[in-house]
Amino acid sequence: MMIFFYCSLAISIITIALTIYLFLGFKKIKQLSAQPIIEIQPSVAIIIAVRNEEEELAKALQSVCNIKYSNCRIIVVNDRSTDRTAEILLDFKAHYPNLMVTTITTLPDGWLGKNNALYQGYTSSAEEWLLFTDADVLFHLDTLSKALAYSVANELDHLTVLPRVISPSPILNSVLATFTIMLMLHLRPWDAKNPRSKAYVGIGAFNLVRRAAYEKAGTHVRIKLRPDDDLQLGFKIKTTGLRQDVLVGNEYVSLAWYKNLRQFMDGLLKNSFAVANYSTIRAIANIILILIVVALPMPVMLIFGSTAIRLMACAMLLAHVVYMTVIPPYKWWYAFMIPFAGFVMAYTTLRATWITLKQGGIYWRDSFYSLAMLKGKD
């Protein structure tokens with residue numbers, strides 16, 4: 001019982017300290033909405049990879065085409081779509097002269113489809129800046145202008161924006177809140193701008209990078225088999241010694257990532273093992289860490305603990321409630337879902353590891369990639 005007490009005390013102190021650390025870190029990240037409108041517009045190529053995106057494409061593309069930025073070109077790379085994507089793109093191209101459509105019919109060996117599509121978009125461009133984004137992202141009219149103003153004023157090579165994630169599922173939204181906390185602790189994005197820090201950041205919804213910096217970091221050629229290409233692009237840029245930073249997007253960058261929890265869990269199958277660099281030992285360690293730090297403490301302490309231990313659990317919960325109340329999306333009850341979200345993430349990581357090992361690789365967009373290939377051994 002004494003061991004249980006001291007373990008609970010340690011976990012409580014660590015949890016509350018991390019919550020305070022997260023709050024202070026998040027508050028260091030500036031708001032995109034607070035940035036000025038750029039006066040002298042550098043050239044920008046907005047590069048979007050699409051594959052069978054008919055459901056969300058028109059709405060997202062409309063927001064991109066309506067952006068108030070005269071010196072930009074939109075390059076949409078249609079990667080072997082078999083639905084109405086090509087038809088939608090043809091209609092948009094007829095109405096927007098700054099929209100260029102590139103069609104890919106075959107996937108070269110040794111590439112993931114999206115990574116190849118983004119790279120092909122780059123080869124079709126000549127602009128000073130490149131904005132890599134996804135086909136389900138919605139932009140405010142001034143998003144690009146404000147992002148460039150901040151990037152130029154701070155002499156950045158890479159800027160990413162934390163998007164507002166929209167889902168019709170309250171359960172998924174609550175899980176995403178915990179997922180975001182875990183990701184923030186892993187990446188520490190508020191320190192990405194510090195050249196002495198190892199922290200880095202990259203987000204698929206908004207990766208704005210100076211062309212010269214993208215080329216210096218090795219382009220997507222260096223990450224052509226990484227399903228977590230957005231994070232890896234940020235990592236390569238940071239380790240090359242270039243300057244990067246992050247802003248909070250809120251209503252300026254938003255996306256409907258997944259519609260329900262099942263889609264979210266299935267969508268992470270291709271990424272969860274990659275985060276551990278396809279190391280089984282590291283993946284198991286990640287699972288154990290999630291269980292010990294996120295999923296188990298509050299339930300175990302509340303169910304099996306003494307009065308003192310239960311009070312510690314309540315203190316942890318209160319810290320979570322305060323955090324969820326003052327940090328977007330401002331839903332206090334998400335704090336009660338943290339243990340459930342922890343079990344979801346642990347299960348998803350375990351499932352992704354098991355399936356990848358069992359089938360010897362991953363299936364993504366109807367293509368199979370062996371573990372040997374993903375590890376660069378093939």
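Let's start with charge: the structure holds 14 salt bridges, each one a side-chain nitrogen of Lys or Arg within 4 Å of a carboxyl oxygen of Asp or Glu. Before going on, note that this is a predicted model, in which local features need pLDDT of at least 70 and side-chain atom pairs count only at pLDDT 80 or more, while totals for chains, interfaces and linings use all residues. Residues are numbered from 1 along each chain as its sequence is written, and side-chain values use heavy atoms, with hydrogens and water left out.

Side chains of opposite charge can pair when their charged atoms come close. One of the salt bridges joins E55 and K259, whose closest N and O atoms are 2.1 Å apart. E55 sits in the loop between β1 (44-50) and α2 (57-65) and K259 in the loop between β8 (244-255) and α9 (261-267), so this pair ties together parts that are 204 residues apart in sequence. The helices (H or I, at least four residues) and strands (E, at least two) are DSSP runs, numbered from the N terminus. E55 counts as exposed because its relative accessibility is 58%, and K259 as partly exposed because its value is 40%. Here buried means under 20% relative accessible area, exposed over 50%, and partly exposed in between (1.4 Å probe, protein chains only).

Next, turn to helix α7 (residues 211-216), where R211 and E215 lie four residues apart, about one turn of the helix. Their side chains meet in a salt bridge at 3.5 Å, N to O. R211 counts as buried, at 15% relative accessibility, whereas E215 counts as partly exposed, at 38%.

Now for the nonpolar interior. A nonpolar core is a set of buried Ala, Val, Leu, Ile, Met, Phe, Trp, Tyr and Cys residues joined through side-chain atoms within 4.5 Å. The largest one has 83 residues, and V44, I46, I48, L61, L144 and F264 touch the most other members. Helix α13 (residues 307-326) gives the most to this core, with eight residues. What does I46 touch, not counting residues up to four places away in sequence? Its contacts (heavy atoms within 4.5 Å) are V64, I67, C72, R73, I74, I75, L131, T133 and L144. A second, separate core of 19 residues includes I47, Y122, A217 and I237.

T356 is buried, with a relative accessible area of 2%. Leaving aside neighbours within four places in sequence, T356 is in contact with L269, F273, G361, I362 and L371. T356 and Y278 are 78 residues apart in sequence and 8.9 Å apart in space, C-alpha to C-alpha.

Finally, visit the second largest pocket. Its lining consists of 15 residues, and N194, P195, S197, K238 and L242 lie nearest its centre. On a 1 Å grid over the protein atoms alone, a pocket is an open set of points where a 1.4 Å probe fits, with protein on both sides within 12 Å along at least five of seven lines, and lining residues have an atom within 4 Å of a point. Helix α8 (residues 229-239) supplies the largest share of the lining, three residues.
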